[in-house]
Amino acid sequence: MKTILEQAHTHARGKLIYLALQGSRLYGTYHKDSDYYLRGVFLPSVIDLLDSRQKDALSFSLQDETLGHCEITLWSFPFWLRLLHSGDTNATDLYFASTHP
């Protein structure tokens, strides 16, 4: 899991504030060959917020030696709040999921 956290911090430019399991591992319906899906929230800098090119979401995948294939999606904090406000199911799942520091 440390490799995943390091990668998530790198993609979020060190401003990762929340990361949690999603999908079958969140719901407890996974099997031994299930991939890992993680979603998280990062805090953009003031410069990023003012930059019109700043991305609302970052996605990447990696192959972990222990866990296997992992898909990670990170949302900016303002984007995640907009998703929550609109009733997005994935954003709501993330709100209630256990976090991984």
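Q: Taking contact to mean heavy atoms within 4.5 Å, which residues in α4 meet which ones in α5?
A: This is a predicted model, to be clear from the start. From α4, Trp-80, Leu-83 and Leu-84 do the touching, and on the α5 side they meet Ala-91, Thr-92, Leu-94 and Tyr-95.

Q: How do the axes of α4 and α5 cross?
A: At roughly 110°, and the axes come within 8 Å. Angles from 65 to 115 degrees count as roughly perpendicular, so that is the label for α4 and α5.

Q: Are β3 and β4 parallel or antiparallel?
A: Antiparallel, with eight bridges between β3 and β4. In that stretch, Leu-58 sits opposite Leu-74 of β4.

Q: What does Thr-73 touch?
A: Thr-73 is in strand β4, which spans residues 68-76. Leaving out residues up to four places away in sequence, Thr-73 touches Leu-38, Arg-39, Gly-40, Leu-58 and Ser-59. With Ser-59 there's also a side-chain polar contact of 3.5 Å.

Q: How far apart are Thr-73 and Leu-19 in space?
A: C-alpha to C-alpha, Thr-73 and Leu-19 are 9.3 Å apart, though 54 residues separate them in sequence.

Q: Switching to Gln-22: buried or exposed?
A: Gln-22 is buried, at 2% relative accessibility. Buried means under 20% relative accessible area, so Gln-22 falls in that class. It's part of strand β1, residues 16-22.

Q: So what are the contacts of Gln-22?
A: Not counting residues up to four places away in sequence, Gln-22 touches Tyr-37, Leu-38, Arg-39, Asn-90, Asp-93, Leu-94 and Ala-97. The side chains of Gln-22 and Arg-39 also make a polar contact of 3.2 Å.

Q: New topic. How many salt bridges turn up in the whole structure?
A: Two. In one, the side chains of Arg-82 and Asp-56 meet at 3.2 Å, N to O.

Q: Where do Arg-82 and Asp-56 stand on accessibility?
A: Arg-82 is partly exposed at 47% relative accessible area, and Asp-56 is partly exposed at 30%.

Q: Which residues form a salt bridge with the closest N and O atoms 4.0 Å apart?
A: Lys-32 and Asp-33.

Q: Is Lys-32 buried or exposed, and what about Asp-33?
A: Lys-32 is exposed, with a relative accessible area of 76%. Asp-33 is exposed too, at 55%. Exposed means over 50%, so Lys-32 qualifies, and so does Asp-33.

Technical notes:
Residues numbered from 1 in each chain as written. Predicted model: local features only at pLDDT ≥ 70, side-chain atom pairs only at ≥ 80, totals over all residues. Heavy atoms only, no water. Buried < 20%, exposed > 50% of the residue type's maximum accessible area, 1.4 Å probe, protein only. Helix = DSSP H or I, 4+ residues; strand = E, 2+ residues; numbered from the N terminus. Polar contact = N/O pair within 3.5 Å; in protein donor to acceptor, adjacent residues only side chain to side chain. Contact = heavy atoms within 4.5 Å. Pairing = 2+ DSSP bridges. Axes fitted to C-alpha atoms, helices over the stretch in contact; angles between N-to-C directions. Parallel < 35°, antiparallel > 145°, perpendicular 65-115°, else oblique.
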